[in-house]
Amino acid sequence: MIRFETVTKTYKGEVVALREASAEIQRGEFVFLVGPSGSGKSTFIRLINREEVPDAGKILVAGKDVSSLSSWKVPYLRRNIGYVFQDYKLLPKKTVTENVAFALEVIGRPRPIIKRQVPAILELVGLSRKADRLPEELSGGEQQRISIARAFVNRPLILLADEPTGNLDPATSVGIMRLLDRINRSGTTVVMATHDRGIVDTMRRRVIELDRGMLVRDESRGVYE
Amino acid sequence: MIFRFWYFIRETFVSLWRNLSLTLAAILTVAISLALVGSSLLIREGADQATAQFQEGVEFIVFMNADALENQNEAIRKVLDTSPAIKEYVYVDKFAAYEEFRELFVDKPELVESVTPEIMPPSYRIVPSDPDADNVTELARQFSEQPGVKEVATATEAIRQIEDFSTRVSQALLLAAIVLVAVSAVLILNTVFTAISARKTEIEVMKLVGATNWFIRIPFMLEGTIHGLMGAGLAVPALFVVDSKVLAYFQESEAVPLFRGFAVPDGFVWNTSIWILVIGAAIGMIGSAFAVTRYLDV
């Protein structure tokens, strides 16, 4: 599903974010990206959905070389990739339903489909009863659930999550991880950058460790360290 | 497609409303600058019309009686052809005079109907060798004494002043207008930039869920275009006010004793209005396109 072939990425020609990294992630896998701040986790994720372009090497996503993808095709690539942020990035003036529907509206999905899919996804993340609330009326965990609902409402092949539990307490984080696990079990490939040792050690999934841009460890049922 | 259309309209107007003070500033600046552009064009056209007979060096016109005899005309022509004081001249017969009259008063058919070519005075438009005012006055006096001559109209000092004045006014207006048009484009750019900044998160989310670049850009470009169009929409009535008040003032002025007045045909005001709307939309589109390509790195 995702293949990195000796990928190198530097910023401003100096800071090396990723150095000759190679990895292959299969369809339906759940992968933790771990490592200290600045080790290249975010760059790894941003390269997958073409927010960044590598300096060298090749990145294949769903069989397509995204590093050489022409820019007008990028939006169509991203329709297959959900993205969950550490700080949720919800639109404060839109209700829960509107926030999720927004992701479908802006890619031109017809209204009947939106009307059907949004309640279904809110059911999945357990927020049906708060559909008409504004984000500020909800807890951090609930806001992250909306963010996940928005990322998943279009049923993407891949879900990218950059520190999704970074702003949440451990108990709430567990709920978020259950949700991501459930999404993964439905067949979606999940790639999650995290600092959360507890989560990685409990879940025992594949772990890719980065250190100063180098891929230093890749274990199939790994722990944080 | 219909759904998208309403999406763009909604997003555009939400954004216009959110940025109300900047939006109004942009619209008013466009309105003022385009009103100046239009006024400049109207005044120039008015001056051209008022002095149409006196262009290309024509300093005086000898109008013959409509029923002037052929030998009277010949006598005039002989003087014109032989006198060293005359550089050149153009003969306008009654049919050409009638055509000109019809063109000038195309908006006033009742006036056109009241005349026929038969009653139009043929005329000689004369370029003297020496355009000095005293010389012209003396020549005019000589011609007015010839048999068959109805009257002699000279390009008096007053007309020359009107010409100079309108040229200067329309140039000053045009210069001010060009500066203001640039200012309005920058103001629209800024307004759209503010709109983009206000929706940073929204744009980020749109990009990441796979909205196409044009889908993201169009509402902002529509916003700028609407600024330009609304400004132009305010400028159009201003043009009609300039036409009915300012140009009418010139027409009634005692300083222009000629048959033709300082007027522009109604069609010209409408044509200018259409141009003003086109220019307004273009300013808005250019300003917002610049903002979008500069600040919306999609």
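**Exercise 1. How does H3(A) pass H5(A): in a left-handed or a right-handed crossing?**

*Solution.* H3(A) passes H5(A) in a right-handed crossing. Keep in mind that this is a predicted model.

Step 1. Take the axes. Those of helix H3 (residues 96-105) of chain A and H5(A) come within 8 Å. They cross at roughly 30 degrees.

Step 2. Classify the angle. Angles under 35 degrees count as roughly parallel. H3(A) and H5(A) are therefore roughly parallel to each other.

Step 3. Find the residues. H3(A) brings A:Val96, A:Asn99, A:Val100 and A:Ala103 to the contact. H5(A) brings A:Ile146, A:Ala149 and A:Arg150.

Step 4. Sort them by class. The contact of H3(A) with H5(A) has five nonpolar residues, one polar and one charged.

**Exercise 2. Describe how H4(A) and H5(A) pack, from the axes to the residues.**

*Solution.*

Step 1. Helix H4 (residues 111-125) of chain A and H5(A) have axes that come within 9 Å. The crossing angle is roughly 135 degrees.

Step 2. That angle makes H4(A) oblique to H5(A).

Step 3. The crossing of H4(A) with H5(A) is right-handed.

Step 4. On H4(A), the contact uses A:Ile121, A:Leu124 and A:Val125. On H5(A), the residues are A:Arg145, A:Ala149 and A:Phe152.

Step 5. Five residues of this contact between H4(A) and H5(A) are nonpolar, none is polar and one is charged.

**Exercise 3. Which residues of H5(A) meet H6(A), and at what angle do the axes cross?**

*Solution.*

Step 1. Start with the angle. The axes of H5(A) and helix H6 (residues 170-185) of chain A cross at roughly 15 degrees. They come within 10 Å.

Step 2. H5(A) and H6(A) are therefore roughly parallel to each other. H5(A) passes H6(A) in a right-handed crossing.

Step 3. List the H5(A) side: A:Gly141, A:Gln144, A:Arg145, A:Ile148 and A:Phe152. They meet A:Thr172, A:Gly175, A:Ile176, A:Leu179, A:Leu180 and A:Ile183 in H6(A).

Step 4. Count the classes. The contact of H5(A) with H6(A) has six nonpolar, four polar and one charged residues.

**Exercise 4. How many cavities of 30 Å³ or more does the whole structure hold, and what lines the largest cavity?**

*Solution.*

Step 1. A search of the whole structure gives three such cavities.

Step 2. The largest cavity holds about 140 Å³ of space. It has 16 lining residues. Closest to its centre are A:Ile81, A:Gly82, A:Arg150, A:Ala151 and B:Val209.

Step 3. Trace the elements. In chain A, strand E6 (81-84) and helix H5 (140-152) each supply at least two lining residues. In chain B, helix H8 (200-209) also supplies at least two.

Step 4. By class, the lining of the largest cavity has ten nonpolar, three polar and three charged residues.

**Exercise 5. Which residues line the second largest cavity, and where does the largest share of the lining come from?**

*Solution.*

Step 1. The volume of the second largest cavity is about 70 Å³.

Step 2. Its lining is made of B:Tyr7, B:Glu11, B:Arg199, B:Glu202, B:Ile203, B:Met206, B:Phe215, B:Ile216, B:Pro219 and B:Phe220.

Step 3. Helix H1 (2-18), H8 and helix H9 (213-252) of chain B each give at least two of the lining residues. H9(B) has the largest share, with four residues.

Step 4. The lining of the second largest cavity has seven nonpolar, no polar and three charged residues.

How values were computed
Residues are numbered from 1 along each chain as its sequence is written. Chains are lettered from A and ligands numbered from 1 in the order in which they are written. This is a predicted model: local features need pLDDT of at least 70, side-chain atom pairs count only at pLDDT 80 or more; totals for chains, interfaces and linings use all residues. Side-chain values use heavy atoms; hydrogens and water are left out. On a 1 Å grid over the protein atoms alone, a cavity is a set of points where a 1.4 Å probe fits but cannot get out, and a pocket is an open set with protein on both sides within 12 Å along at least five of seven lines; lining residues have an atom within 4 Å of a point. Grid points are joined across faces, edges and corners, and a volume is the space filled by probe spheres set on the points. Ala, Val, Leu, Ile, Met, Phe, Trp, Tyr, Cys and Pro count as nonpolar, Asp, Glu, Lys and Arg as charged, and the others, Gly among them, as polar. Axes are lines fitted to C-alpha atoms, for helices over the stretch in contact, and angles run from 0 to 180 degrees between N-to-C directions. Angles under 35 degrees count as roughly parallel, over 145 as roughly antiparallel, 65 to 115 as roughly perpendicular and the rest as oblique. A crossing is left-handed if the near helix is turned anticlockwise from the far one by less than a right angle, and right-handed if clockwise. Contact means heavy atoms within 4.5 Å.
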